[in-house]
Amino acid sequence: MDFSLLGPVTVTAGPQAAPVELPLGPAKRRSVLAMLLLRPNATVSVEQLISSLWEDEPPAHARTVIQGHVSRLRAALAEGGAEDHGVELATHSSAYLLRIPESLIDTQRFDQLTAQASPESAPGEAVQLLRQALGLWRGPALTGTVASPPFAAAAHALEERRLSAVEALARAHEGLGEHEQAVRALHPAAVANPLREGLIAALMLALYRSGRQSDAIAWFHRTRQLLDDDLGVDPGQRLSAAYQEILRAAPTADGPRGGAEAAGQQPGAAGQPGAQQATPQQPLSSAPAPVPELLPRPPAGFHGRGAELAELTRLTLGTAEPAQGGAAGGSGGYPQAGGIALLIGPAGVGKTGLAVHWGHAHAAAFPDGRLFADLRGFSGGEAVVPAEVLREFLLALGTPAEQIPTSPEAAAALYRSLAARRRLLVVLDNAGSSAQVRPLLPGGPHCATLVTSRSRLDGLIATDAARPVRLHALGPEDGVGLLGTLLGPARVAEDPEAARELVALCDGLPLALRAASAQLMARPRWRLARLATALRDERRRLALLSAEDTGVAAALRNSVARLSADDAQLLRALGAGFAREVNTAEAAALSGADPELIQDSLERLAEMHLLDEEATNRYVMSDLVKLFAQGDGGDRDSPGEASGGAPGGAPGGASGGPSQGA
């Protein structure tokens, strides 16, 4: 006989090979049994049962109802052979007592198994015991009981015990050096409990030790944002300590190792009073400098962009030759004079994906590490403060937290000095302004910097000799190639005409093509022509080109949020008033504004890549921008209503992965 609380409340009897579930009846009867099982071999008063079964005022005949449930439970248990197993439901005055061998209750077996496990001293045995314990769970505890505070509290307490066992199992795997198994144990629990900081910290460290540093950092930023949004608090000590350990890239048994030359001084000591200077006779530390690996994972299904990749290589490494075996060509793979390449283009054109793909392809050119920060210049909230990113970069480069200067200027100077003799790649993604980027530019001739932005960032070109690389939408061949990479060439080959139409309906934007591919992958029986037909409906197009929290409409919304109210109003008027091209006079007529003011507004819209100036005083609007400006496609917020927001997002430099595809 077996009594289960770790999932649906059930009682099974009969042979172990073919147990039979006893009929327990309605939720209140199951709840009476559950309360007795939560307190086995102890009396439970009728008053306790009544308060647990009725959250509001109980009926006048509540005692009679309880007696009826107990009577029927006795009969059901008797039919299951309760007496043969030493189970008895007895009455004691105004209370009930369930006499039962505790080994028959899954919660008791769970507690016994977890108590026997010693993850630190006997990790191998602990893994077996904890797996057996967690295998007893069949779903949320106490499923099928009434929704009252006492049962909610009991279910919560059981869930806490389960999560503690999950964390103990992960520690046991870590003790055996099985970091991937630790990740697999922790990940589902972390997804279901995103505010449990200890659990997230354990997952971050397991990811880091399994070589997935960027994923670990992404979990920290996601959790920090949730803590701020939901609770209004900063990360606690355990979560922050795990984050700093990862950013410092501290050597671990199986984790990343340092391997770059020291910068001629102890990391973090530059500019500090009384800092000891390194000499050839007396090195400050024998520990190797950390090699940070903060790039997100490479974008899946990357396709095309050969010309842009070659241009990035020429600007940053001094050669247009593609990397061979992961190493860059040129003079020893050294970046030329600290080159800064500025990837600019409209929302969804694939700037982040291109930068990250290039960074991974040329990893060998940057043996001292690769830094990455999402500046959130176009993310719908506040932009990241450069001082926040400087702190993360300094931690990643080995600076102890207590030695990071509090002054942003001093922190920037320390960062430049640490980077001066290193060969680093710095990717500054989603920049909102030139002023946001400048403090994060590394010093020294052997670093390369990639900056991505929807704005042209003319100031960065003027003051820091940044070289712009403009990304345009994919052409028909590359667009179809991207669909083939994502969906498989066979599916695209079934209907090449529909594939070309999909590329056209998506304006050749990789983000839109990826969203369309997600729709088709979720519907394997759909032919490409069916989605193309649906996308022809302009009222539905933007909604269809979305996948959960990403899509063209969301990306455009964040761009439009940077506009002034007047510029957003002009965009809306243009979206409603012209088919493809417009000049200053026509735009003034559509909006009813002064042509001189309209010229400035058109220039600002072009700077944000919401319009494209194809020729002097000839502006073009893409179909998807036009639909968004009209407020269609499932996104009913007009540009005027979306304007006025500040650039950016939550503080924090690292990102979980490329968001804009190819």
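**Figure 1. Helix α8 passes helix α10 in a left-handed crossing.** In this predicted model, the axes of α8 (residues 197-209) and α10 come within 8 Å and cross at roughly 15 degrees. That angle makes α8 roughly parallel to α10, since angles under 35 degrees count as roughly parallel, over 145 as roughly antiparallel, 65 to 115 as roughly perpendicular and the rest as oblique. Axes are lines fitted to C-alpha atoms, for helices over the stretch in contact, with angles from 0 to 180 degrees between N-to-C directions. A crossing is left-handed if the near helix is turned anticlockwise from the far one by less than a right angle, and right-handed if clockwise. Helices (H or I, at least four residues) and strands (E, at least two) are DSSP runs numbered from the N terminus. Residues are numbered from 1 along each chain as its sequence is written. As the model is predicted, local features need pLDDT of at least 70 and side-chain atom pairs count only at pLDDT 80 or more, whereas totals for chains, interfaces and linings use all residues; side-chain values use heavy atoms, without hydrogens and water.

**Figure 2. Leu195, Leu231 and Val233 form a nonpolar surface patch.** Together, the three residues have about 230 Å² of accessible area, calculated by the Shrake-Rupley method with a 1.4 Å probe, and for residues only the protein chains shown count as cover. Patches consist of residues with over 30% relative accessible area and no salt bridge, like charges being joined within 9 Å and nonpolar side chains (Val, Leu, Ile, Met, Phe, Trp, Tyr) within 5 Å. Val233 belongs to the loop between α9 (213-231) and α10 (237-247). Its relative accessibility of 35% makes Val233 partly exposed; buried means under 20% relative accessible area, exposed over 50%, and partly exposed in between (1.4 Å probe, protein chains only).

**Figure 3. Arg297 and Asp215 form a salt bridge.** The closest N and O atoms of this pair are 2.6 Å apart. Arg297 is partly exposed at 44% relative accessibility, while Asp215 is buried at 10%. A salt bridge requires a side-chain nitrogen of Lys or Arg within 4 Å of a carboxyl oxygen of Asp or Glu. The whole structure contains 22 salt bridges by this search.

Figure 4. Glu159 is partly exposed, with 22% relative accessibility. Glu497 is exposed at 53%, and Arg500 is partly exposed at 39%. Elsewhere, salt bridges that share partners join Glu180, Arg212, Asp215 and Arg297 into one network.

**Figure 5. Arg305 and Ala465 have positive phi values.** Most residues other than glycine have a negative phi. Arg305, with a phi of about 65 degrees, lies in the loop between α10 and α11 (306-317) and is buried at 4% relative accessibility. Ala465, with phi near 55 degrees, is found in the loop between α16 (458-464) and β11 (467-470) and is partly exposed at 49%.
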